[in-house]
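This report describes selected secondary-structure elements and the contacts between them. The sequence and the structure are shown below.

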Amino acid sequence: MIELGNGTGGTGGGPAGSGPIDATDSTFMTEVIEASATTPVVALFWSRMDPQSQALGKELEKEVAATGGKVKLARVDIDQNVMVAQQLRLQAVPAAIAFFQRQGLDGFQGMASPMQIKEFLGRVLEAAGQGAPDGPGSLEDALTMAEEMLAQGQHEDALQTFAAIAAEEPGPRAIAGVARTLLAMGKAEEARQTLDNAPPEFADDAAITAVRAAIELAAEAADAGEEAGLRARIEEDPADHETRFELATALIAKSDNEGAVDELLEIFRRDREWNDGAAKDRLLKLFESLGPTDPVVAKGRRRLSSLIFS
């Protein structure tokens, strides 16, 4: 993996068809963002000088081809095209980001195994409504049931179900379910320990990183101020980004995620570089904690993309 530098110029796009597209700074909006309106597009940010980029590109191309056209692959050579990578605040390559309906869905950085790539593409297809559910009575059904219990506030039942699934097949989704349920029960430290004890190969799984982000946000929100007082200060000075940022944190603590997104986007609109890009970083962490299928994330990513590319 190599760090991003300053790029120069651009390269031509790849040939049309089902194979990968070579997108550039000037064509990224058309060939990735707009193309994702109907079909998921995975953007691979890579470098010809990086062996990991070469290896990941081959695996991604093979697995994307195996979807039979349900997913498209666009490659961005950052040696020649660095503008988009900088706009997305990528720190190193290789990195892959999936887009659907003009918004980011999921992504990862660094090398990934074929199984991890399959799981990544599976999540992308599921988010795009193209995933194939497992048969009746499967662990998939049990996980879905546990997630519904958690959403309905049936914490004890959800915890028991997730724990039973994790004992039978300790996959990242079940382990993340245990941790998320513990967090909902106010047991943040137990939730953190659950993730810390997970197999190392699950550390970068989207389900695990989402709960870890939620735990971090919960810890930060614990010290947030009172909403009414924060809003009063912002009315006096709408450019008080520090107070607006604290308000967003307070709203996250109340599970008013849409309200938090509004405030963070307002900071980004006014000054995207404020506090070293803190508003965008908090937005991305909130999106990560909610998961790609949450409607708040879908709407928020669209609005953020509009601001970035405006």
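Predicted model: local features only at pLDDT ≥ 70, side-chain atom pairs only at ≥ 80, totals over all residues.

Strand 7 runs antiparallel to strand 6 (residues 95-100), and six bridges join the two.

Strand 6 and strand 7 form a hairpin with two residues between the strands. F100 stands opposite Q103 in strand 7.

The buried residues in helix 2 are S53, L56, G57, E59, L60, E63 and V64. An α-helix has 3.6 residues a turn, so residues three or four places apart point the same way. The buried residues of helix 2 pack against strand 3 (41-46), strand 4 (72-77), strand 5 (92-93), strand 6, strand 7 and helix 4 (114-127).

## Helix 12 and helix 14

Two packed helices are described by the angle between their axes and the distance between the axes. For helix 12 (residues 257-270) and helix 14 (residues 295-308), the angle is about 5° and the axes are 10 Å apart. Helix 12 is therefore roughly parallel to helix 14.

From helix 12, the residues N257, E258, V261, D262, L265, F268 and R269 meet V296, K299, G300, R303, L304, L307 and I308 of helix 14. The residues of this contact comprise seven nonpolar, two polar and five charged.

Technical notes:
Residues numbered from 1 in each chain as written. Heavy atoms only, no water. Pairing = 2+ DSSP bridges. Helix = DSSP H or I, 4+ residues; strand = E, 2+ residues; numbered from the N terminus. Axes fitted to C-alpha atoms, helices over the stretch in contact; angles between N-to-C directions. Parallel < 35°, antiparallel > 145°, perpendicular 65-115°, else oblique. Contact = heavy atoms within 4.5 Å. Nonpolar A, V, L, I, M, F, W, Y, C, P; charged D, E, K, R; others polar. Buried < 20%, exposed > 50% of the residue type's maximum accessible area, 1.4 Å probe, protein only.
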